[in-house]
Amino acid sequence: MIDLIAQTGLNALYAAAYLSLVAVGLVLIFGVMGIVNFAHGELFMLGAYVVVALYAGGQVPYLAVVAIGLAFVGVVGLLMEWTMFRPLRDNPLGGLVASIGFLMILQALVSMGFGVRMAHVPPFTQDVIAFSDRVRLPVQRLIVIGAAVVLLGALWLFLKRTRFGWALRASAQDREAAALQGISINQTARIAMFIGAALAGVAGALTAPLISVNPHMGHSVIVAAFIVIIVGGVGSLEGAVIAAVAYAFIHTIVTTFWDGVIADIVGLSLMLLVLIVKPTGLFGTADRA
Amino acid sequence: MFVNFFRSGLSRRRFLSSAATLSGIGVLGATLPRKVFAQDQVVRVGFLAPLTGPVAAWGKPGLDGCMIWAEWINEAGGIDIGGEKHRVEFIPYDDEYDPAKARAGATKLIREDGVKFIMMLGGDPWPGVQPVAERTGMLFSTLLPSDLSPDTTTLIAPAEVHPIYNVTGVEWLAETRPDLKTAVICAQDDALGLPSVATYLAAFEAAGIEMLEAPILFDPATTDFAPVVTRMLARNPQIVCLDTCYADYVHPICEQLFQQGYEGQILSCTADFYEQIIEKTSKEFMEGFVFQFPDFDDPELNADFINFQEPNRFYEEYAQRFPGQWGAVSWEYASIMDLWKAAVEKAGSAEPDAVLAAMTEGGTAPHAFGEARWWGRDLFGIDNALVGNWPVIAIEDGKARIKAFRSIPDWYDKHGELLKKHMAAYNQLWDQRS
Amino acid sequence: MRSGLALLAWIGVGVALIALPHGLSFSQQEILVFLTINVLLVASYRMLTLTGEWSLGHVVIMGVGAYASALYSKHFGVFVPAAMLLGAMTAALIAMGLSYPLFRMKGFYFLIGSFAAGEIIRLLWKRFREPFGGVKGITGIPPVPDVNLGIWDFVFFDPISYYYFVLAVVSFCLWLMWRIERSPVGLTFHAVHWQDKLAEAAGVNARAYRTLAFVIASGFAGLAGALQAHYIGAVNPTSFDIEQMVFVLTWAIVGGTATFYGPILGCIVLTVLNEIVLRGLGFEQTRPLIYGLLLILSVLFLPKGLESLVGRVLPRRATSRTRAIIGAEEKA
């Protein structure tokens, strides 16, 4: 039983790691640009397909591929900002529809390029850290956990310690006021979009060897990410991380001890409960709604 | 003229031919690039399945396989209908796995394109098509026999009788490895997972294998399988059964079983792309993995009783054109076409009722894996499912090998009551559905 | 004089709509039936958005109407048209229940909150095989009983007959919604949207009006679901998932929601493009790609929606609406 609980904890830690990466990116984009990026799950998918394209061939080392995935999806984010979200800045519903259109395009392109069936990603390493017979942490999962901590830590430092970070936080709090302070809205939007997309991409690239990579894999991730950012409060990065960890633990535990469908119902119900008690999420403020 | 159009005045055959004529006149807006005049030379078959969206993996690869099939048949002169050679042409319609779109699609294929036969994946879209099938008498095929019911006599399940053939794997395993006595099972909570669970439960009970706990169901949108695997391994089973999990689940589950230190037997319905699973785990781990879908380059498929045309060449051609896309559905639709072609040539006509009569004559028909009989009254209320032998496949030294062909009817004659009991418990009998 | 002209225009529209299916191919007639039902759905969605809130649960509410009507008629033998009305009321009641938690939220929170509420309902359908039929849903739903009115023998399997039935129901519902929007209640909906705080200060209970709009819209959506269920004869949880919701959302936004006809126009144009034009051109497998591109282009270059085109061509509001509908129908 102790083994079972310990293993469940390790499982949850991994789920929390990649979920926070996706959710923080989504929060950042929403916070700075006010746009609900429905295509965020597809950016995650795109990161995984970068690994399929470059790593399955075997020439490029895995960590380099992950870095390429991060940069490539970040650039796709810039492209989205430039072609869609900037012209639609004062039209959040238009931005929402554009991101839905973009999602369809990404799914269709990947289906055409790689087929509708799942794609293959060879394992990066098969090493396992065995605490006991039944408590085991695969190194691949450890890498995802480690990368999430490092990347989110770096993001935190960036936001708190640099001028860009300060500008970003200011815009996330109040875009007009930030503009009056001389902060370039275009620049902060670009930075937010790059970082947000890159985080989704790197999450996809890191988890690609561990999950099924297919053109529609983004869907399940975005649903969980939405739940997480709502519970955390949409303006709050810390809230997103805390909510991701809480959601991952609750979901994993319910799946292990009851079943997966009930876990989904519990997750959604808890989210509604949080909203009923505190309609702006645990760490959100009313202004950002 | 539209008044009473669907009333009994018209016979089915007249209905179909008048429909074809109408489409020939070119009803306003009908998009018909192909000329109807060519109809005496061409016979059309509809392919009504998801080609885009999340379920496309169950339709698109089948259409690809059919294209190869049609090329080969047409190169060889086409289909002989009453002494005249006809080219085969597939008309695809993407139903997006939606009953409303499937209904519009069936109407278009039948009344505007004049197809003589429609292949479907089945499942959710079928109820939308069912009234169209009943009114027009069009011949339909499905991959999911759970669509069968006595209401629709022109729907057949001629390729796979999912999930009944899974009993062959359990039976073979129990004979080969009598030391394995305990099992756990996990399945996605959907229309494929549940009847399969019932089948495995019956097969395990028949083989005297004990279930350590109730089947673990997970949502089809699950991506991380670590919790499911942790849960299964907590009971220390000798057999882990993956039910009819899709490749998208089988791979990560196997990977997790491997990483979490499982070393026992694995049993599954499918193992598409198993060489990738081996790469993610190890050859030793996957050795002896039992499942139900052969590679078509297997030399066993060259046996005389196999009715699939040139399986080895088909596999090669497919792998070359669509690398990495081979799976169960790649050959199943094409094998239905083999059966249909044989019936058309036997009947000397492509009309649905004549073909169906020729196909079911004598209660048997040539299935891909050998002569099989029309069966299913107990479970589906109608004998429109084609069952016979089914192969049991095991992975040996990194390659899938057919270990045996087992008779499904023989198993059912012995253990039919068990299957009915478990199917009833999961509401899967035809009179329990809806 | 003006009312006489308007009457004439409306008669013209009516004749055109009645003649329409006879100019279409068989499969287009089928699509027309679903399109007409979706017009009701998207028009009801606009009613909900009048108060400024955007829901992602509307299609699930439509499903509630479909499931309820199917169950009433199948298990309790309720006369089908009556079951449809009961289904619509059930949808409205469920919406009333949901409104208590949901209207504590606003904006983005409401959007996602409504999505979550809808997903819970969908998971319940999947989870409880009795009475909802689990993932396979309910099949064998009784059709609307055939009637012979002398002038027309209504056989409701036939798409033309069912289209006439749906057309009558949907037209009546659209007229009702139009009346509601023009009534003092409807004007308050607008006020709640644009001047939330001010309306409250003036003694308007904003939340009560939001709830009212939500409940009315849900009733109409439930009716749309019931109309669909009794035509197809089957309902299942996948038919009401987020992908369908996304389509409704895009119809409304691409069409534009400033006018009554905007979302209807969006629904008609996008459906015709996706189901008839793209399929007809042979893009069977690349439709999502082109459709996605069209969505982006339309919000970029027509940010006020298709309705703004109509407004530009025909400045007068009353006639512009009717002609827009005729024009789009003719394109169909």
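1. Two residues are taken to be in contact if their C-beta atoms, placed from the backbone, lie within 7 Å. On that criterion, in this predicted model, 33 residues of chain A are in contact with 32 residues of chain C. On the chain A side, the elements that each supply at least two residues are α4 (92-114), α9 (218-232) and α11 (260-277), and α4(A) gives the most, with 12 residues. By class, this side of chain A, the one that touches chain C, has 26 nonpolar, 6 polar and 1 charged residues.

2. Chain A also touches chain B, where 36 residues of chain B are in contact with 33 residues of chain A. The elements of chain B that give two or more residues to this side are α2 (60-75), β9 (216-218), α7 (226-233), α8 (247-259) and α9 (274-280), and the largest share, 6 residues, comes from α7(B). The side of chain B that touches chain A is made up, by class, of 17 nonpolar, 11 polar and 8 charged residues. For the complex, the predictor gives an ipTM of 0.88 and a pTM of 0.87.

3. Within chain A, how do the axes of helix α1 and helix α5 cross? The axes of α1 (residues 2-33) and α5 (residues 139-161) of chain A come within 9 Å and cross at roughly 40 degrees, and the two helices are therefore oblique to each other. The crossing of α1(A) and α5(A) is left-handed. The residues that α1(A) brings to this contact include Leu13(A), Tyr14(A), Ala17(A) and Val24(A), while those from α5(A) include Arg141(A), Val144(A), Ala148(A) and Leu152(A). Taken by class, the residues of the contact of α1(A) with α5(A) divide into 11 nonpolar, 1 polar and 1 charged.

4. Among the residues that make the contact are Val33(C), Ile37(C), Leu41(C) and Tyr45(C) of α2(C), together with Phe214(C), Ala217(C), Phe220(C) and Tyr231(C) of α10(C). By class, the contact of α2(C) with α10(C) has 17 nonpolar, 2 polar and no charged residues.

5. The contact takes 12 residues from domain 1 of chain B and 16 residues from domain 2 of chain B. On the domain 1 side, β14 (370-375) and α14 (377-380) of chain B give two or more residues, and the largest share, 3 residues, comes from β14(B).

6. Which element of chain C has the lowest mean pLDDT? Helix α15 (residues 317-331) of chain C has the lowest value (45), whereas helix α3 (residues 58-75) of chain C has the highest (96). Over residues 317-332 of chain C the pLDDT is below 50, although beyond near neighbours in sequence this stretch has 30 contacts in the model. Where pLDDT is low, the predicted coordinates should not be read in detail. For chain C as a whole, the mean pLDDT is 86, and 91% of its residues reach 70 or more.

7. Two backbone details in chain B deserve a look. The peptide bond from His162(B) to Pro163(B) is cis, with omega near 0 degrees, and Pro163(B) lies in the loop between β6 (155-156) and α5 (166-176) of chain B. Glu96(B), a residue other than glycine, has a positive phi near 55 degrees, and its place is in the loop between β3 (84-94) and α3 (99-112) of chain B.

Methods. Residues numbered from 1 in each chain as written. Chains lettered and ligands numbered in written order. Predicted model: local features only at pLDDT ≥ 70, side-chain atom pairs only at ≥ 80, totals over all residues. Axes fitted to C-alpha atoms, helices over the stretch in contact; angles between N-to-C directions. Helix = DSSP H or I, 4+ residues; strand = E, 2+ residues; numbered from the N terminus. Parallel < 35°, antiparallel > 145°, perpendicular 65-115°, else oblique. Left-handed = near helix turned anticlockwise from the far one by under 90°. Nonpolar A, V, L, I, M, F, W, Y, C, P; charged D, E, K, R; others polar. pLDDT = per-residue confidence, 0-100.
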